[in-house]
Amino acid sequence: MRSDDWQDKNEEEIDYTAAIHQRTEELYRIQNADPDKNGEIVLAVLPLRDMVIFPHMVSPIFVLQGSTLAAIQSAQHMDQTMIGLVQLSDSDNPDPEDFLHVGVELAVGRLLTMPDGNSSALVQGRRRIAVSDLKIGGKFLKARGRVIEESIEVDKKTDALMRTTRDLFERCVQLDRTLPEEAHLFAININEPGWLADMIATSLSIDIKARRELLLNVNPKDRLKKINRLLAQELDVLMLEDEIQTKVQSEVDRTQREYYLREQLKAIQTELGEGDLWTREIVELRQKVEDAHLPKEALTAANKEIERLVQMPPMAPEVGIIRTYLDWILELPWEKLTEDNLDVKHAAKTLEQYHYGLAKAKDRILEYIAVRSLKPKKLRQPILCFVGPPGTGKTSLGKSIAEALGRNFVRLSLGGVRDEAEIRGHRRTYIGAMPGRILQTMRRAGSLNPLFMLDEIDKLGADFRGDPAAALLEVLDPEQNNAFSDHYLELSYDLSKVMFITTANSMSTIPPALMDRMELIEFPGYIEEDKLEISHRFLLKRQQDESGLEDGEVVLLNSTLSKVIREYTYEAGVRNLEREIGRLFRKIARLKSEHRNYPKRILPSMVEKFLGPPQFFSTEAEKQDEIGIATAMAWTESGGDIMTIEVLAFEGKGSLQITGQIGEVMQESAQAALSYMKSKAEQLQINPRIFEHTDIHIHIPEGAIPKDGPSAGITLATAMISLFTRREVYKDIAMTGEITLRGRILPVGGVREKVLAAHRADLKRVILPERNIKDLIDIPRRVKTDLQIIQVTSMDEVIQAALHPPKPIQNKSRAKRKEKIDEHGSKAADN
């Protein structure tokens, strides 16, 4: 800009300032109106919309064309003041009721015409006026009112209040950037309480309602108190704003300082030839991506994310998200494989070394290894599901399989998982997103072909967040898992080389679609003989070592272990058995540490001394042949048991009652057995009329234990036929099998456990359905030698084998007595 332009601009500013002073001086030259003899003044009305002008204050106003402009022109022509009244409505033609009853006498300066055709003027408040009357005088309103005289005396309380108000106002001026410093200086020089209140009310940003209330308040002290409260409120808001502004400014200063220091560091590194730290990190990332040998899709995604990083400042919030994503891509195994050990003999030796029994599971693994050894390039992996009670070695067998194959072993527990994102991961749009637990476990495995155990797959849950079992369908499907997609990575990941093994305690809670993808291998649970062998191979040595005893220092006899198994544990696995063995060894270790005598051989009679009284009691066989009592064989998770079935008949209405916490299936078996007996009444020499007035009560002891299933059908029928034919049941015989209404015997399950339970109870004969003979292959040879296995196909064969032959009737009195018993069904009379 040229020097003459600067001179013109300065002259314009001087002219503008001079004009303002001139207009202000014009206001002071206007005299206040003189009251008439009644002490009232009559002046033109200046309506004030959305604004309040207090006495002693100068303010600009904007005037539209119309009555207001005419009123101002008339007052200026007559060199008079006006009465400014606050208008409550927005009407252009207000009524007298639309104004406050207290106004302010105003001196109105010269009108200036604005570019839009309207006018503006400066006004100065002079005095409060109590308006008594409003009327139209020509083209505008006129008001009659009386000047409100305010007390200007200042006592001690008022002086203290004024000082407090000035102090509060000073702090507001310091915090509020819109208030000039001159406002505080002006307030210091005001000695009247009312004037001070009006001046501060004009300076503060308070709402129109509060301003109107202050205008109506004609008591200076009350007005000053209200201003004091408003100042305190305003000060609280200003302090909060200042605190926020300070924090924001501090953060901005810190960011600017960091930026400045980083720029300096960059310049120093450049001078030293070291390059930028951020640039070095980008170069290192590129090198890692090249060395990772990623698949094409993953390589493209990684390079794309690196390009995004290059375009971002180092402190951008999204940098951390991208770095985490790249770290996951780089740390996952994409091509690294461990070499499988396909030596079948080595695998068999390893599995036998750590596990006893479990022939089906071991055979399946050895078959897989044999197939792989013949065709090493065959990539299809088996997906096995080990189903069995807790403690039967499912998880530990998975570890042994991994060791036999030479693969890395990883385990993922699915118990209680209810969110689909636990399997598939969260999308990157969420804060704190991560891949699912499948890929997390694969990263931990460190190879593309680990043995991956999904534990407790039957305990998956489902809720509003999705069904994790449905997400596992892709993982466990050999046709799909070569391109598994995680929501976080959004890349295809190959799971086809992984050997998945799942475990479950029950098949009932596994979804059918998921079960269809897996090959089920049942773990039936260990019988007593298995537990004895496992104890000698693994448990005794491990617990002796953990208890501080030397190997073989203390010997547990087989009879002692059998007592512990039968009376102190009740389980399908061996976890509690190991705990009880450990407890027994710890008792002996304590005796040894106290230098007291301790037994080297633990006899059955010593068990109760170390472990306390027995916790469980097995069912014993009957001591003698009896009527109405038969022995059944039952399958349990702990390996099988025998149970006694008792039948009692008494006079009644022909009803059947069965007790002992019996399930619906067993109740139906009892009904079928009763119906069969009724249909064969004549053949069995039973009076058919006896059933009309005889009630039958069947009871199975140990009522706290739930019982169900159809396999007790022939036992129920045998006990009832024994009662009504008065033929005793042999005490050394047990039976199992489902009965039909025609008396046919159907096969049942759990034969291995049932037969071994009968052998443990010292029974001599076992009745089995003929179609269950195939299940005897799993029974030890010694057991089959000790027991007589009776194969049956019909109920006639069961009766012949289980009941004593019918006794011949010797005389007529005996026959009459028999007939009388049949008619009344009185079992008690005969007993």
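Modeller: Let's start with glutamate 753 and arginine 752, whose side chains meet in a salt bridge (4.0 Å, N to O). This is a predicted model, where local features need pLDDT of at least 70 and side-chain atom pairs count only at pLDDT 80 or more, while totals for chains, interfaces and linings use all residues. Residues are numbered from 1 along each chain as its sequence is written, and side-chain values use heavy atoms, leaving out hydrogens and water.

Biologist: What makes a contact a salt bridge?

Modeller: A side-chain nitrogen of Lys or Arg has to be within 4 Å of a carboxyl oxygen of Asp or Glu. Glutamate 519 and arginine 364 qualify, because their closest N and O atoms are 2.7 Å apart.

Biologist: Why is glutamate 519 called partly exposed?

Modeller: Its relative accessible area is 31%. Buried means under 20%, exposed over 50%, and partly exposed in between (1.4 Å probe, protein chains only), so glutamate 519 falls in the middle class.

Biologist: And why does lysine 497 count as buried?

Modeller: Lysine 497 has a relative accessible area of 18%, so the buried label applies. Lysine 497 also forms a salt bridge with aspartate 494, the closest N and O atoms being 2.9 Å apart.

Biologist: How do you know that glutamate 550 is exposed?

Modeller: Glutamate 550 has 54% relative accessibility, therefore it counts as exposed.

Biologist: How many salt bridges does the structure hold?

Modeller: There are 43 salt bridges in the structure. Among the linked residues are Asp36, Glu40, Arg144 and Arg146, which form a network of salt bridges.
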